[in-house]
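Hi everyone, thanks for coming.

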Amino acid sequence: MISVGTRATILSMISPVPSPSAEIRPVSFTDAPLLARLNDFVHSVHALHRPDVFRSQPAHDDLTPIFEAHLAREDVRAFVAHLSGRPVGYALARIVDRPGDALMRASTFIVLEHLAVAPEATRTGVGSALVDAVRTAGRAAGCSRLVTDVWDFNEEALAFYRAAGFAPMRQWLEQSL
């Protein structure tokens, strides 16, 4: 016989628990320290898998000026996500207006450069809501597409982006010298 408490635990494991919807708001310049803290979630994954490229645990005080520089740019769009009033993620994107030339057509597009979601907020719709905010900002700026890049080791991010409708566009390859 299964007790009521055990049954509830089992049901919660197999039945999705409704999560509160994410509140997304545009980022202001004064949010740079917040983005520096939220960046830990994604940076730690990168530093773990590619210590040859990423420094481990950069100080928030060192990151804040970097985010201030991003947020001061007119071509940057950034958003922060809150669940139950607590910040749990952010997205930072850049509008690119590329003129055409003899080889390439003119194009305006938005590049999602940063997407970070707290581990406890993954699979709650936060990432999707942030990507939707970037899509909306891109459309408002006259962009024809949204692009991003993902490190090959980050299979969870690759699966997320595929589920969000992204398709491979090109491959970057490297070789140690």
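When I say helix or strand, I mean DSSP runs, with helices being H or I of at least four residues and strands E of at least two, numbered from the N terminus. Before going on, please keep in mind that this is a predicted model, where local features need pLDDT of at least 70 and side-chain atom pairs count only at pLDDT 80 or more, while totals for chains, interfaces and linings use all residues. Residues are numbered from 1 along each chain as its sequence is written, and side-chain values use heavy atoms, leaving out hydrogens and water.

Back to our turn. S84 has a positive phi of about 50 degrees, although it is not a glycine. Most residues other than glycine have a negative phi. Is S84 buried or exposed? With a relative accessible area of 66%, S84 is exposed; the cut-offs are under 20% for buried, over 50% for exposed and partly exposed in between, using a 1.4 Å probe and protein chains only.

R123 gives us another case, with a positive phi of about 65 degrees, and it is not a glycine either. You will find R123 in the loop between β4 (107-117) and α5 (126-140). R123 is exposed too, at 78% relative accessibility.

β2 and β3 form a hairpin with two residues between them. They pair in the antiparallel sense over eight bridges, β3 being residues 86-98; two strands count as paired if DSSP finds at least two bridges between them. Within this pair, A78 stands opposite L92 in β3. β2 also runs antiparallel to β1 (residues 23-26), joined by four bridges, and there I24 has A81 as its bridge partner. Of the eight residues in β2 (76-83), seven are buried.

What about the inside? A nonpolar core here is a set of buried Ala, Val, Leu, Ile, Met, Phe, Trp, Tyr and Cys residues joined through side-chain atoms within 4.5 Å. The largest one has 24 residues, and I110, L112, V126, L130 and V134 touch the most other members. β2, β3, β4, α5 and α6 (155-163) each give two or more residues to this core, and α5 provides the largest share, six residues. Apart from this core lies another, of 16 residues, among them L34, L71, V80 and Y90.
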